[in-house]
Every structure is written in structure tokens, then in C-alpha cells.
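This briefing is meant to be read beside the sequence and the coordinates. Please keep both in view while going through the topics below.

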Amino acid sequence: MKLYCDEMLIGLGRWLRAAGYDTKIASSGMTDRQILDEAVDQHRILLTRDRKLVEFREAANTVVLLECNTMDACIEETSHKLHIDWLKKPFSRCLRCNTPLQAAQPGHYEKLPASVKKCVKELLYCAQCEQLFWHGSHVDRMRIKLNEYNRHNG
């Protein structure tokens, strides 16, 4: 399942990426037509809170309209409507650009702060935006949230 979040759902999009879903997030300033066309062309499910997007002819098979107003409500509604497994493949995609992460090469370790080098066992790398990722306390906190989100699926 490939997903697309409009500009209103950037936070949801990042959490879907954290769960391992291929999730594009609309660029700032894109029109509804551009977003919908891109979602259709890329065979993505478009998540939105924008009621105008469901008025387009192509929306019927592409757009999932969310009624939520808070992140927790968006997580719950998305969980119910799309049966999201929030533990699908956690931390396997770049949160910034959506690229699948790969194992870092030895040279990447040199870019880490000295305090981090000592405790990092596994380092992941995004070939697109060159971001480095490692398991820290933030990952533990995010994993707790993903576990909580998975409970919404019953």
C-alpha cells in the first residue's frame, strides 16, 4: 500500500513513514488538482481532510477523507479505515524524504558526534538526503507510540 498525505496531514505522513509505509507528503503550495493527479499517477491512496478533494471525478478510487482534528484522532481513523499495521517495518524509511534506508558504510560513522559513535551498534543511511539514523532514546519513545497506535486496530 502506497500512501500520500496532503499538506494538512504532514505529521500523520511522518508517522506512517516511521511505521514503514511508503508515504509521499505533498509539497507546500501544491494545488488540489496537482496532488490528486500525482496520487493517481503513482497509484497512491490520498489521505486528506480537504472535502473539496472528494469532488473530483478521480477521487472515488483514490481519496480517503479523514474527519479527524487531532493527531490521535487521525491515527485512530486511519487505523480503522486502512487497517494500518503501525509495526509493519518500523524505522525502515527516511522520515524526511521517504527513501528506504540502507546500512551505512564505514565512512558514515566518521560523521557521527563522538559521544554517539561509542554507543551506536547499527547505523542506517538515506542515500537520497544523506541523513544518518541510529537507535537512540527517541527511537524507544517512537516505538512506544507505534505500539499504542497499533492498539487502535483492535
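What follows describes the chain as a whole, then its sheet and helices, its cysteines and its aromatic rings.

The model is a predicted one. Its protein chain holds six helices and seven strands, which run from the N terminus in the order β-α-β-α-β-β-α-β-α-α-β-β-α. Four of the strands form an open sheet, one disulfide is counted, and two aromatic pairs are counted as well.

**Overall form**

- Taken along the principal axes, the C-alpha atoms of the protein chain fill a box of roughly 55 × 35 × 20 Å.
- The protein chain has 154 residues, of which 42% count as buried.
- When contacts between residues at least 6 apart in sequence are considered, 51% of them join residues that are at least 24 apart.

**The four-stranded sheet**

- The open sheet has its strands in the order β2-β1-β3-β4, and the pairing within it is parallel.
- Strands β2 (22-25) and β4 lie at the edges of this sheet, since each of them pairs on one side only.
- On average, and with direction ignored, neighbouring strands of the sheet are turned by 25° against each other.
- Strands β1 and β2 run parallel and are joined by four bridges; within this part of the sheet, Lys2 has Asp22 of β2 as its bridge partner.

**Helices lying across the sheet**

- Helix α1 lies across β1, β2 and β3, and its direction makes an angle of about 155° with β2.
- Helix α3 lies across β1, β3 and β4, and its direction makes an angle of about 135° with β4.
- Helix α3 covers residues 71-82, twelve residues in total, and spans 16 Å from its first C-alpha to its last, which is close to the 16 Å expected at 1.5 Å a residue.
- The buried residues of α3 are Cys74, Ile75, Glu77, Thr78, Ser79 and Leu82, and they pack against strands β1 (2-5), β3 (45-48) and β4 (63-65) as well as helices α1 (10-19) and α6 (137-150).
- His83 follows α3 and has a positive phi, near 50°.

**Cysteines**

- The disulfide joins Cys68 to Cys74, with the two sulfur atoms 2.2 Å apart, and Cys74 is also listed among the buried residues of α3.
- The torsion about the S-S bond of Cys68 and Cys74 is about 85°, and the disulfide is therefore right-handed.
- Cys68 and Cys74 are both buried.
- Cys94, by contrast, is in no disulfide, and the nearest cysteine sulfur to it belongs to Cys129, at 3.5 Å.
- Cys94 is buried, with a relative accessible area of 0%, whereas Cys129 counts as partly exposed at 23% relative accessibility.

**Aromatic rings**

- Two aromatic pairs are counted, and through these ring pairs Trp15, Trp86 and Tyr149 are linked into a cluster.
- In the pair of Trp15 and Tyr149, the ring centres are 5.3 Å apart and there are 85° between the planes, an edge-to-face arrangement.
- Trp15 lies in helix α1 and Tyr149 in helix α6, so this pair ties together parts that are 134 residues apart in sequence.
- Trp15 and Tyr149 are both buried, and for Tyr149 the relative accessibility is 3%.
- The rings of Trp86 and Tyr149 have centres 5.5 Å apart and planes at 65°, so this pair is edge-to-face as well.
- Trp86 lies in the loop between α3 and β5 (102-103) and Tyr149 in helix α6, so their pair ties together parts that are 63 residues apart in sequence.
- Trp86 counts as buried, because its relative accessibility is 0%.

Methods. Residues are numbered from 1 along each chain as its sequence is written. This is a predicted model: local features need pLDDT of at least 70, side-chain atom pairs count only at pLDDT 80 or more; totals for chains, interfaces and linings use all residues. Side-chain values use heavy atoms; hydrogens and water are left out. A disulfide is a pair of cysteine sulfur atoms within 2.5 Å. Buried means under 20% relative accessible area, exposed over 50%, partly exposed in between (1.4 Å probe, protein chains only). Helices (H or I, at least four residues) and strands (E, at least two) are DSSP runs, numbered from the N terminus. The expected span of a helix is 1.5 Å times one less than its number of residues. Contact means heavy atoms within 4.5 Å. Two strands pair if DSSP finds at least two bridges between them. Axes are lines fitted to C-alpha atoms, for helices over the stretch in contact, and angles run from 0 to 180 degrees between N-to-C directions. Rings of Phe, Tyr and Trp (its six-membered ring) pair if their centres lie within 6.5 Å; planes under 30 degrees apart count as stacked, over 60 as edge-to-face and the rest as tilted.
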